[in-house]
Each structure stands twice: as structure tokens, then as C-alpha cells.
Amino acid sequence: MSVRSKSSEPSEAPHRAGFACFVGRPNAGKSTLTNALVGQKVAITANQPQTTRHTVRGIVHREDAQLILVDTPGLHKPRTLLGERLNDVVRTTWAEVDVIGFCLPANEKLGPGDRFIAKELASIKKTPKIAIVTKTDLVDSKTLAEQLIAIDQLGKELGFEWAEIVPVSAVGDKQVGLLADLIVPLLPEGPALYPEGDLTDEPEQVMIAELIREAALEGVRDELPHSIAVVVEEMLPREDRPADKPLLDIHAFVYIERPSQKGIIIGPKGKRLKDVGIKSRKQIEALLGTPVFLDLHVKVAKDWQRDPRQLRKLGF
């Protein structure tokens, strides 16, 4: 294996590359942490639990390593077929990564949801597990110390030891770099798995759909937290445009479960849907680096979260 080195002397540490995933109950700060480590928005973040539905990989490029972050949905006790499928995605991911980071918010005491996940983690023997205490900017040092002790105890009770316990604040950018430094030695030695410059291996259409869904959730989370799915039907460059002024036409459908929800998404005189289009278009243009014409339509897919055929159609 060749190791890139600036001088002719052999590099001391071998290059490492591997996968880490962040787990935790919904809204524990997993997506925000992924984005902070990668340095660019790749996983959607929202204040509403259960907004991440796809396994988004964020890629951290370093001189000594390449860390591929897999952002899984939050593990929870399922109530719908969608919920069961999300949990299956989580367990499959855990079995395939090199390191598991368990995110526990500093500002909330350990609860049944955390114990449920920790128990599941205890059954995965070989994979190193790091406890990541998130949202440390929201608490004082005494509360943080109590949380660190409680997390250490939790591992002991379940018969395993944390490889590390790391407090971080992704929002305040505190100890995020340190977390990467602690994960890297746990990765296998090997060359980079993705080309430099790649930030994610998510297909662009999936990322665009996620940006639209994030914008659509804003302001209606309490009413329609999990009823919204977005599918990008097509993306085509506008044919009659000169090469130096390209325009990408994107046609997307926002799916909801019931006709009564249509008015909530569209808003009075279509204002909400227009705002969703403006907000998500800006983010899509930033992601793709090209001007975009975004055509959004709202469709009803009755009770899609409980219907296997519709789940497949909507990408779950």
C-alpha cells in the first residue's frame, strides 16, 4: 500500500478508511453532528424527530484517513410498517460499520429509549462503541458531569465498555474535530474508498427530495410530522439555453396521506407551497452549483406509511 508523504521519509501512521454510524433515539443530534464533521449540509436536520429516512453517507477527508459517516434513522418502537422498515435499516447498518457512535443529548436524562438502544448495542460484540454526548452548549458543567457518569454506568450495567465517551457541541463546534481524531484509530488500515472532493454518495435526486421535504416540514411539523414524502420525478437541463447560462428543470411531487392535508401544505392562496419552492430552490442551487427551475405539485397518496406498495414507490 502506498502512503502519500510530503518528504521521502516513510509516513509514521498508516492511512485508514472506514465507516462509522451515529445512532440514538430520534432528535438526539445525529444529523447535525454529521453535517458539522463533513463541513457541508448532507443530512437533513429538523427539530422534529424521525426526519431522517435515508442512509446518508457524509465523507470526511483527512490526510491520514477517510471517515465515511452513515446517518441512520432514529431507532424507536415501531407503530407502522414504515417504522418497522426504518428499524431494520438501522440494524443492518450497525452490522456493517467499523465504529458505532451513540448520540445522547446532554440536556435530557437517560430514558427508556436510550436504554432500548443501549441494550441492542450490547448484543453487537465486536464493533467499538463511542458514547457521544451532544448539545453540550445547552447545559452547565455540573449537569454535563452527571450525564457522563450516568452513561459510563449504563455501559457497565449492560456488560460492555465504551471505547470513548466524548462531549461535543456541533452547533458551537466544540470537540467535533476531537471526535474525528478518536474515531480514526478505530478504522481499518487502507486507501481512501471515495474520490477526494466527494461529500456523500447519495444520489442527487434523493438529496434534492430531502431538501424539499425539509422546507415543506417547516412550519407544519406539529400537524404533519411524518405524513410528507417527496419524489423527484425528473431533472432535465433546459434545451434552448446557451452553454454559459444553463438552467435545470426539476419536477417534484410532495406526497401527503389525506386530502385534508393538502390545504395545510399549499397554504392560503398557495403561499406556503411558494415559500417551500423558494427556500428549497436556493439550497438545491447551492448543492448543484447551477440555476434551477423547480416545479412542485402536491399529491395525495392515501395512508402511504402503512401500504407496502406505496412505500416501495416512495423509495422506502
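## Aromatic rings and their lysine neighbours

Phe-102, Phe-160 and Trp-162 come together as one aromatic cluster. Keep in mind that this is a predicted model, where local features need pLDDT of at least 70, side-chain atom pairs count only at pLDDT 80 or more, and totals for chains, interfaces and linings use all residues. Residues are numbered from 1 along each chain as its sequence is written, and side-chain values use heavy atoms, with hydrogens and water left out.

You'll find three aromatic pairs in the structure. Rings of Phe, Tyr and Trp (its six-membered ring) pair if their centres lie within 6.5 Å; planes under 30 degrees apart are stacked, over 60 edge-to-face, and the rest tilted. Here are two of the pairs:

| Pair | Centre to centre | Between the planes | Type |
|---|---|---|---|
| Phe-102 and Trp-162 | 6.0 Å | 35 degrees | tilted |
| Phe-253 and Tyr-255 | 6.2 Å | 50 degrees | tilted |

Phe-102 sits in strand E4 (residues 99-105) and Trp-162 in the loop between helix H4 (141-157) and strand E6 (164-167), so their pair ties together parts 60 residues apart in sequence. Helices (H or I, at least four residues) and strands (E, at least two) are DSSP runs, numbered from the N terminus.

What about burial? Phe-102 is buried, at 0% relative accessibility, and Trp-162 is buried too, at 8%. Phe-253 and Tyr-255 are both buried as well. Buried means under 20% relative accessible area, exposed over 50%, and partly exposed in between (1.4 Å probe, protein chains only).

Then there are the lysines. Lys-129 has its charged end over the ring of Phe-160, 5.5 Å from the centre, while Lys-299 lies over the face of Phe-253, at 4.2 Å from the ring centre. A charge sits over a ring if NZ of Lys or CZ of Arg is within 6 Å of the ring centre and within 35 degrees of the ring normal.
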